[in-house]
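This briefing covers a helix pair, a disulfide and a strand residue. Please have the sequence and the model at hand.

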Amino acid sequence: MSKIAKALGCAALVFGMSMAQAADFKLRAVANSNENDEDYDGLVVFKDFVEAHSNGKVSVDLFIGTQLCANGTECMQALEDGSVDIYISTSGGVANMFPYVQVLDLPYLLRDDRVAETVLTGDFTREMRKSILADSDDKIRLMTIGNTGGWRNFANTKRTVKEPKDMDGLKIRTVVADLPQELVKALGASPTPIPWPELFTSFQTGVVEGSKNGITDIMGMKFPEAGLKYVTLDGHAYMSALWYMNNDMFMDMPEDVRKVVVDGFSALQQATFASPKRKSIKAYQEFSEAGGTLYVPTPEQKTMFKDSAAPVYEWFKTSVKDGEKWITLLNDEAAKAEADIDKAYAADLN
């Protein structure tokens, strides 16, 4: 039996080595997050799907964290020069390169998960792909847009926020990108750019008093221990995750392999749509158990927030090239999705 086991072990090793050697395309995929993140969940699904369905023609190595590149600008440069093949970023992370992707951060334009998911699986993403290819000299290809953390909500250390007036004077952490800063200012608060790793300490010391995050990020970083106790579920922005690939690598593949990769990104997208929904259940429970307070705005209060955010839409139209085009496109696609979903309700509820 020992000899048989050894023989089988050697056979498996030889088979594994031959499969690794047989890969015609070796993809390096980077996510600057951790293995508890939705990005990682999506990449695991992508890796399994592509390697299996390509019969070993494609292998995928996952680099989670900052092993190959440390931030959006650095990673997009690595993607462009081919030292990285796949990279995921929020819209704010690449706003300096493609300002129009910030349209995804415009507040209160997508009604709910069903609307957001319908929009992001359709022509809106294809149109953005065309623009990113053109603006990167055909080097960077947007493959799909998924989710990373559910919905952005306002959270703070001071008080329950029910209406825009309750935001007055709060120091809210944002990324460096212009749009989230414009939103915070429009609501009467003070935007304060802080690097993500420094946010816990910034809450403790009062450098900032609030943030714009999903509940899984809040609990993953243990922010209640730093004093973050109030979350308003205004759902002002769907936390879109843009997945890019080096276009030369993609186009070097034969069509049948490209199809597998496209299907793999579709599977990844569906995994990232689902992951935050599941993880948020436990996160909300843990937030409440930690003494946190959740508040759901009434429809009237949601309207107040949207009305107060109006200057952000004007800023985007006038400050971002083709800004009006992108707002119109997103609004039109959202309206189509809402109409289809409402038609389905009419059929399914009767």
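**Helix packing, disulfide and a strand residue**

Helix H2 (residues 38-53) and helix H10 (residues 255-289) pack with their axes 8 Å apart, at an angle of about 150°. That makes H2 roughly antiparallel to H10 (over 145 degrees counts as such). This is a predicted model, in which local features need pLDDT of at least 70 and side-chain atom pairs count only at pLDDT 80 or more, while totals for chains, interfaces and linings use all residues. Residues are numbered from 1 along each chain as its sequence is written, and side-chain values use heavy atoms, with hydrogens and water left out.

**H2 and H10**
- Helices are DSSP runs of H or I with at least four residues, and strands are E runs of at least two, numbered from the N terminus.
- Axes are lines fitted to C-alpha atoms over the stretch in contact, and angles run from 0 to 180 degrees between N-to-C directions.
- Residues of H2 including Leu43, Phe46 and Phe49 meet residues of H10, among them Val261, Phe265 and Leu268 (contact: heavy atoms within 4.5 Å).
- The contact of H2 with H10 has 12 nonpolar, five polar and four charged residues.

**Disulfide**
- The whole structure has one disulfide (cysteine sulfur atoms within 2.5 Å).
- Cysteine 69 is joined to cysteine 75, S to S 2.0 Å.
- The torsion about their S-S bond is about 105°, so the disulfide is right-handed.
- Cysteine 69 and cysteine 75 are buried (under 20% relative accessible area, 1.4 Å probe, protein chains only).

**Threonine 174**
- Threonine 174 lies in strand E5 (residues 171-174).
- Threonine 174 is buried, with a relative accessible area of 2%.
- Beyond neighbours within four places in sequence, threonine 174 contacts residues including Pro180, Val184 and Ile194.

Notes
Buried means under 20% relative accessible area, exposed over 50%, partly exposed in between (1.4 Å probe, protein chains only). Angles under 35 degrees count as roughly parallel, over 145 as roughly antiparallel, 65 to 115 as roughly perpendicular and the rest as oblique. Ala, Val, Leu, Ile, Met, Phe, Trp, Tyr, Cys and Pro count as nonpolar, Asp, Glu, Lys and Arg as charged, and the others, Gly among them, as polar.
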